[in-house]
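Hi everyone, thanks for coming. Today I'd like to talk through some salt bridges, so let me put the structure up.

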Amino acid sequence: MAQLLQNPFSANKSPLQVRIPAISSVKTLQWRPLKLSQKLRNNKIFAVLEMGKSPASDPEILITNENNNGSNGVIVKKISAMQPPVIEVDSVTEADLKENGFRSTRRTKLVCTIGPSSCGFEQLEALAMGGMNVARINLCHGTRDWHSNVIRNIRKLNEEKGYAVAIMMDTEGSEIHMGDFEGAASVKAEDGEVWTFSVRAFNGSLPPHTIQVNYDGFAEDVKVGDELVVDGGMVRFEVIEKQGPDVKCQCTDPGLLLPRANLTFWRQGRLVRERNAMLPTISSKDWLDIDFGIAEGVDFIAISFVKSAEVIKHLKSYIAARSRDSDIGVIAKIESIDSLKNLEDIIKSSDGAMVARGDLGAQIPLEQVPSVQQHVVQLCRQLNKPVIVASQLLESMIEYPIPTRAEVADVTEAVRQRADALMLSGESAMGQFPEKALAVLRSVSLRIEYWCREEKKHESMYLPDIATSLSDSVSEAICNSAAHMANNLEVDAIFVYTRQGSMGSLLSRCRPDCPIFAFTSSTSVRRRMNLQWGLIPFRLDLSDDMESNINRTFALLKARGMIKSGDLVIAVSDMLQSIQVMKVP
């Protein structure tokens, strides 16, 4: 049977000669564009005919140029025979939803620093199975070849296992720090020992009890009697003598010296920072590392010791000029007095922030660190920027299989503050129990989140308007309303259909009680959303037809046992800026 059908998407609206195979129960034929054409490379796609009003249950007809010769002769095929619809979600989330339901999902995201203890494919897979959402690679350590291999393993894991583990690259920064220990993972400094801190370049092995320093003016700046603080206070020395480029120091607080640990020096109880303040935020090595990250297509770049918003803006312009096809987020690390002085401007300019408490605690009094952490977490949420709480969360688990109770309380407080993510550093990079440390973060997060929801222990927070345009204001109002309705109606989940992740981010900012299912057609957007509180990212080819997206989503998730008939959901979209409340049919 042949029909003349007019294609409303063609420029001249000329009819196409169409051969329709025998298909029973044809109700109506309606045109709509096809978004899957990039995956159907053997045929040129003109459009899709939908049969009936329920694309989830009725077949679709695909109009293609079968010979791809540019003529108007086309053939009609059922699209289901060529490209079955798929939805991508990681196996951990799928298993949690099937076994325990919506309320079992963890909202706080987990970041793991990758190092010698966790860099193999099997080790990375175990961390992903344990709940790792973001893998952090620290350019302070390792070679670029080593980091490239880690990135390849993570990409392979995502492709083969369906995960959406994002990759965060952390720059070294230009603050004063120690060198390596010729391959040793750490060196013990004992009480009373005299060590030499030197800016000299040594041929061959380092002399015993000698540490290289990266800052050429180090010996000039320090004075006899100054206190030298290593890695935020893990080890302390007193300067007892200066000999040209060498500084002799006596250990006053013993401990482990780690490669490339940060150094600060104090005089009469005050931090000496005049020369530090003049060092550039991004060093020459950092720029080379940033080029490496852009070439590797990492998802986030974390910048150390950020002093001003201008640094973030400059870096984002640099990335945009060299990475036109990818969207790399810039994370500002809050770890210095300068960061705190310009905090709001820095956060506004960035794509997220990290509270790096270790180095921060070396520059401000220790008793101020908790209040600063809470302030940064709250400010990031108000400005709609994801925030990571990092450093020494489970420090004891570098050596021991269980954490201290104080560490559990520390993790609990970060979860109660509703930070987007918690980060493991040495615990997962070089510790003896990386999987156990991650399991502690996961179990504590789940328990405290559940307790806060059931007991209504979370504090309500004023969220100021942040939109800069009418369209953004509409999206913001929709998300605020959706979160409010979700809590009042006790819905099972919020479904958000988003191209670039913007509406998913706005919903995450509201911290609703129910999980947020975020559907996007972009693989990179899916990975980036994996850093934000409460978002469960799915990859799904989206159309401009909201009803079609919802019906396909229901059908696909029901088929995999992740939702069931009768579940109550709220659906929002940043494509049509709409909101709907419905039950799963």
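Let's start with aspartate 289, which forms a salt bridge with arginine 144, and the closest N and O atoms are 2.8 Å apart. By salt bridge I mean a side-chain nitrogen of Lys or Arg within 4 Å of a carboxyl oxygen of Asp or Glu. This pair links distant parts of the chain, 145 residues apart: aspartate 289 sits in helix H6 (residues 284–296) and arginine 144 in helix H3 (residues 144–161). Helices are DSSP runs of H or I with at least four residues, strands are E runs of at least two, and both are numbered from the N terminus.

A quick word on the source: this is a predicted model, where local features need pLDDT of at least 70, side-chain atom pairs count only at pLDDT 80 or more, and totals for chains, interfaces and linings use all residues. Residues are numbered from 1 along each chain as its sequence is written, and side-chain values use heavy atoms, leaving out hydrogens and water.

Is aspartate 289 buried or exposed? It counts as buried, because its relative accessibility is 2%; arginine 144, at 34%, counts as partly exposed. The cut-offs are under 20% relative accessible area for buried, over 50% for exposed, and partly exposed in between, with a 1.4 Å probe and protein chains only.

Altogether, the structure holds 30 salt bridges. Thanks, everyone!
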